[in-house]
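Welcome! Please take a moment to look over the sequence and the model shown here before reading on.

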Amino acid sequence: MAVEHSTGTSAPAPGDQTRIHNIGYRSYDGPRLGRAYARRSLYSQSLRGSYGLGRSVKSKVLPMLLFVVMCVPAAIMVAVAVATKASALPLDYTRYAIVMQAVISLYVASQAPQSVSRDLRFKTVPLYFSRPIETADYVRAKFAALASALFVLTAAPLLVLYVGALLAKLDFADQTKGFAQGLVSVALLSLLFAGIGLVIASFTPRRGFGIAAVIAVLTITYGAVSTLQAIADAQGSGDAVPWIGLFSPITIVDGVQSAFLGATSASPSGVGPSTAEGVVYVLVALGLIAASYGLLMRRYKKVGL
C-alpha cells in the first residue's frame, strides 16, 4: 500500500502568489515641457476650436459664416468708397463693432459654451488638473483664446476698411489714426465680452442653456439701457444718460471710445460721457474683466476638486 510522505511545507498564502511581470512598459526619458507648454497647447487648441479648425465641417459652419458676415459690409463700404471716389469712409472705424454688435454677441454666445461647457459635461476638467497644469493656467488659456478669437473677428473688418481706404487714396495719417483707435476699441470689447461669456457658460454643462443665457445677458441689457437712455433724454434728464450706459457691456465700450478715442456716441442723444465720466467707464470695464477672471478661478477650483 502506498504511503503519502509530507513535504513539511505549508500551502503558500494568497499574498505570496503576487508576481510582477515585465510587460514592456518603459519610463519616459524625454524632455519635460512643463506647465508653460501645456498652457500654450490649451490656448492654441481652444483658439482653433473657436473657428472649428481641427473639428468637423459642421463645427466650422457657424463661426466661419459669422466671420464672413462681419467682413462683407466692410468690403461693400470699401467698394463704394473706391467707386465714388469718396473723401471719407461711410463709417468710422470705432463705430463698426457697435453697429455689428448683434453678430458679435451671437459669436460669443455660440463659442463661449463650446470652449468650456464640453469640459464640464464630459467631466474632463479634473483630468486637466491631474497634469502639471493648474487652475490659473486653464482659466488664462481659455480666457485668452476666446478674447483672441473675438479680436480676430472684430479686427479683420477694420483691416479691410483700412486697406480699402488706402486703395481709395484717402489721407494716410487720418486713416492710420482711425484704424489704431478702432483696434484699441475692439481689444477692450474682446476682453470684456470674452470674460462675460465664459463666466455665464461655465455655470452650465448644457451648451444650449449657455447659448441662451449669453444672448439674453448681452441683448437684454443693451435693449434695456438704450430704452432707458432714450426715455431720460426725452424727459430732459441728459445728465443721467452716461450713467445709465454703465449697465450694458456694449454701451460701456461705446462710452470709453467716445470719451477717449474721439468716437461718436451711439446713445440716443449722440453725446458721450465727459472725460471724468469716461474714467469711470474705464474703471468699470477693467473691473468687469478682473471680476470675470476671478469668478472663473473660483468656479474651476470647485470643479477641479
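Predicted model: local features only at pLDDT ≥ 70, side-chain atom pairs only at ≥ 80, totals over all residues.

The report below goes from the overall fold to the spaces inside it and then to some aromatic rings.

## Overall picture

The protein has 11 helices and 0 strands, so if you follow the chain from the N terminus, the elements read α-α-α-α-α-α-α-α-α-α-α.

How far does the C-alpha trace of the protein span along its principal axes? The answer is about 120 × 45 × 30 Å. The radius of gyration is 28 Å, whereas a compact globule of 305 residues would come near 19 Å. Of the 305 residues, 41% are buried.

## Annotated transmembrane regions

An unreviewed UniProt entry carries the annotation "transmembrane region" for residues 61-81, 93-110, 143-167, 179-201, 208-232 and 278-296. Two of these spans are worth a look in the model.

## The largest pocket

Now for the open spaces. The largest pocket holds about 280 Å³ of space. It is lined by 15 residues, and those closest to its centre are Gln45, Gln114, Arg118, Tyr128 and Lys142. Helix H1 (34-49) and helix H4 each give at least two residues to this lining. What classes of residue make up the lining of the largest pocket? There are 4 nonpolar, 7 polar and 4 charged residues.

Helix H1 also contains leucine 47. This leucine counts as partly exposed because its relative accessibility is 23%. Leucine 47 and serine 190 are 143 residues apart in sequence, while their C-alpha atoms are 13 Å apart in space.

How many cavities of 30 Å³ or more does the count give? There are 2. The largest cavity has about 40 Å³ of space, and its lining consists of Val116, Tyr138, Val139, Lys142, Phe143, Leu198, Leu296 and Tyr300. Helix H6 (135-167) and helix H11 (275-303) are the elements that give two or more residues to that lining. The largest share, 4 residues, comes from H6. By class, the lining of the largest cavity has 7 nonpolar residues, no polar ones and 1 charged residue.

The lining of the second largest cavity divides into 4 nonpolar, 3 polar and no charged residues.

## Aromatic rings

The last stop is the aromatic side chains. A pair of aromatic rings is described by the distance of the centres and the angle of the planes. In this model the count comes to 6 aromatic pairs.

One of them joins tyrosine 138 and tyrosine 300: the ring centres are 4.9 Å apart and the planes meet at 50°, so the pair is tilted. Because tyrosine 138 lies in helix H6 and tyrosine 300 in helix H11, the pair ties together parts that are 162 residues apart in sequence.

Is the pair of tyrosine 162 and phenylalanine 179 stacked or tilted? The centres of these rings are 4.6 Å apart and their planes are at 10°, so the pair is stacked. Tyrosine 162 sits in helix H6 and phenylalanine 179 in helix H7 (residues 172-201), so this pair ties together parts that are 17 residues apart in sequence. Tyrosine 162 counts as buried because its relative accessibility is 12%, and phenylalanine 179 is buried too, with a relative accessible area of 14%. Elsewhere, Tyr51, Phe67 and Tyr107 form one aromatic cluster.

Terms used
Residues numbered from 1 in each chain as written. Heavy atoms only, no water. UniProt positions renumbered as here; feature names shortened; annotations may be inferred. 1 Å grid on protein atoms, 1.4 Å probe; cavity = no way out; pocket = protein on both sides within 12 Å on 5 of 7 lines; lining within 4 Å. Points joined across faces, edges and corners; volume = space filled by probe spheres on them. Nonpolar A, V, L, I, M, F, W, Y, C, P; charged D, E, K, R; others polar. Phe/Tyr/Trp six-rings, centres within 6.5 Å; stacked < 30°, edge-to-face > 60°. Buried < 20%, exposed > 50% of the residue type's maximum accessible area, 1.4 Å probe, protein only. Rg over C-alpha atoms; globule rule 2.2 N^0.38 Å.
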